[in-house]
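Subject: Structure handover

Hello,

Here is the structure I promised to pass on.

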Amino acid sequence: MRILIALAAALMATGATTAQAAAPAEAGALAAPDINVANVQAHLTQFQSISDANGGNRAHGRPGYLASVNWVKSKLDAAGFVTRVQSFSYGGATGYNLIADYPGGDENNVVMLGGHLDSVTAGPGINDNGTGSASILEVALQMRATGFAPTKHVRFGWWGAEERGLIGSTHYVNSLTTTDRSKIKAYLNFDMTGSPNPGYFVYSASGQPSGSLALQQRLQAGFTSLNVQTELTSVGGRSDHAAFARAAIPVGGTFTGAEGIKTAAQAQKWGGTAGQAYDRCYHRSCDTLSNVSATALDRNADVIAHALWATAA
Ligand code: DPN
Ligand code: ZN
């Protein structure tokens, strides 16, 4: 049933008539959907409400974190994902990772997408990292909605306690057997994809496990198709991809900038304000719903879908 839907979608996407019906082999290569930014923004509104109802943050060990996990899980469960909450303990509190598997695909060939779901205690963490969390959630929901039937198996992870030192993602990677770890062929990380004075950064594959270059290039190609120029950035150990890279899993990701200052040259090519931080509310109480560039959020969500469709097909 899903293959039929995918074929129909491929026909519509290419404008092919029935006389030029796509061969089944082409079905997996169909174009990724254009992600509706309004849906991603609606998820951000939920994270803001969860924060508001739980003392103003969604931090590790605080009630707003578990409420965030439960809300994302409910959306995925309703869409037919197989979800699991993995708990761990850190700093005297229980932390949680949410893992969601999209049914189907080759389980020996796993593509993972992830982002951290926790905020710092100072604020609601809407750009950091409601944006990455909401975007991969919407991409996951669109996999189901479009009947995407990838050859590879697709798994998503929302990590706990990233802000405390990549605790959740490291716990997840360490919990896998060597065999299960070797089945993960790619990990794509999305942390801060809607900075209000955005840059368009793609994680550099330089210094990352072999296989990362293809991921970097796929993400770059996504931005190129949107006519957006990018720069490579070395995010080092600053987000959850590092836990996967340490296990020699190819990694990639996108980032719109944190405390760094936008240069004049960057303002020229991307717009925004030179001499100002990409995100002036980084790790502050003002990282609220109004601290998000809808344009950056939209472009990154489309690039995430593009990269997933190309990597998993
Ligand atoms: N997650 C933030 C941090 O660990 O500081 C911000 C960040 C995300 C920094 C991605 C670099 C890359
Ligand atoms: Zn972050």
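The largest cavity is lined by Ser119, Val120, Gly123, Gly125, Asp128, Glu163, Cys281, His283, Arg284 and Asp287. Its volume is about 40 Å³. The search of the whole structure finds one cavity of 30 Å³ or more. By class, its lining has two nonpolar, four polar and four charged residues.

Conventions first. This is a predicted model, where local features need pLDDT of at least 70 and side-chain atom pairs count only at pLDDT 80 or more, while totals for chains, interfaces and linings use all residues. Residues are numbered from 1 along each chain as its sequence is written, chains are lettered from A and ligands numbered from 1 in the order in which they are written, and side-chain values use heavy atoms, with hydrogens and water left out.

Terms for the space: on a 1 Å grid over the protein atoms alone, a cavity is a set of points where a 1.4 Å probe fits but cannot get out; a pocket is an open set with protein on both sides within 12 Å along at least five of seven lines; lining residues have an atom within 4 Å of a point. Points are joined across faces, edges and corners, and a volume is the space filled by probe spheres set on them. Ala, Val, Leu, Ile, Met, Phe, Trp, Tyr, Cys and Pro count as nonpolar, Asp, Glu, Lys and Arg as charged, the others, Gly among them, as polar.

Now the largest pocket. It holds about 330 Å³ of space. Its lining has 24 residues; Met192, Arg238, Phe255, Ala258 and Tyr282 lie nearest the centre. Nine are nonpolar, nine polar and six charged.

Next, the metal. His116 (NE2), Asp128 (OD), Asp191 (OD) and Asp191 (OD) coordinate the zinc ion (ligand 2) at 2.0 to 2.6 Å (donors are N, O and S atoms within 2.8 Å of the metal, or 3.2 Å for Na, K and Ca; water is not among the atoms, so sites may look incomplete). The spacing of the donors is H-x11-D-x62-D. Asp128 is buried at 3% relative accessible area, and Asp191 is buried at 6% (buried means under 20%, exposed over 50%, partly exposed in between; 1.4 Å probe, protein chains only).

Last, ligand 1. Residues around ligand 1 include Glu162, Val235 and Phe255 (a heavy atom within 4 Å). A side-chain N or O atom of Tyr282 is 2.3 Å from an oxygen atom of ligand 1.

Best wishes

Conventions
Polar contact = N/O pair within 3.5 Å; in protein donor to acceptor, adjacent residues only side chain to side chain.
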